[in-house]
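Subject: the structure, and what turned up in it

Hi,

Here is the structure I promised to pass on.

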Amino acid sequence: NFMSNLLVFPTSLVDGELAKKFQFECRKSGNYVSTLDCLIAATASNNNATVVTSNSDFKRIESIQKQIF
């Protein structure tokens, strides 16, 4: 089962701070990325994890590991 192999990380204040930075950087370059997507990206980044998604918005967050299908 694919879902049984997924890791789920809790979010923290540190993740929130990094999410704010991601969102600021995206908006500064003229791209909109939702707050929730930025929080997911930050949580993954702080846990050295890869975001696996079909959501192309994550392409706009350059400094994370991602697999977009």
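The largest pocket has a volume of about 460 Å³. For this model, which is predicted, a pocket was found on a 1 Å grid over the protein atoms alone, as an open set of points where a 1.4 Å probe fits, with protein on both sides within 12 Å along at least five of seven lines. Grid points are joined across faces, edges and corners, and the volume is the space filled by probe spheres set on the points. The lining, meaning residues with an atom within 4 Å of a point, comes to 15 residues, and L7, F9, T50, V51 and V52 are the closest to the centre. Helix α2 (residues 35-46) and strand β1 (51-53) each give at least two residues to that lining. Helices (H or I, at least four residues) and strands (E, at least two) are DSSP runs, numbered from the N terminus.

A word on the ground rules. It's a predicted model, so local features need pLDDT of at least 70 and side-chain atom pairs count only at pLDDT 80 or more, while totals for chains, interfaces and linings use all residues. Numbering runs from 1 along each chain as its sequence is written, and side-chain values use heavy atoms, with hydrogens and water left out.

L39 sits in α2 and is partly exposed, at 25% relative accessible area (buried is under 20%, exposed over 50%, partly exposed in between; 1.4 Å probe, protein chains only). Leaving out residues up to four places away in sequence, L39 touches T11, D15, G16 and A19, where contact means heavy atoms within 4.5 Å. From L39 to V52 is 13 residues in sequence and 14 Å in space, C-alpha to C-alpha. In the loop between α2 and β1 you'll find N48, which has a positive phi of about 50° without being a glycine. N48 counts as exposed, with 65% relative accessibility.

On to charges. Side chains of opposite charge can pair when their charged atoms come close. How many salt bridges does the structure hold? There are two, taking a salt bridge as a side-chain nitrogen of Lys or Arg within 4 Å of a carboxyl oxygen of Asp or Glu.

- K20 with E17, at 3.3 Å from N to O. Both are in helix α1, three residues apart, or about one turn of the helix. K20 is exposed at 53%, and E17 is partly exposed at 47%.
- D57 with R60, with 3.2 Å between the closest N and O atoms. D57 is partly exposed at 23%, as is R60 at 35%.

Last, the start of the chain. F2, M3 and L6 make up a nonpolar surface patch with about 350 Å² of accessible area together. Areas come from the Shrake-Rupley method with a 1.4 Å probe, and for residues only the protein chains shown count as cover. Patch members have over 30% relative accessible area and no salt bridge; nonpolar side chains (Val, Leu, Ile, Met, Phe, Trp, Tyr) are joined within 5 Å, like charges within 9 Å. L6 belongs to the segment before α1 (13-28) and is partly exposed at 41%.

Cheers
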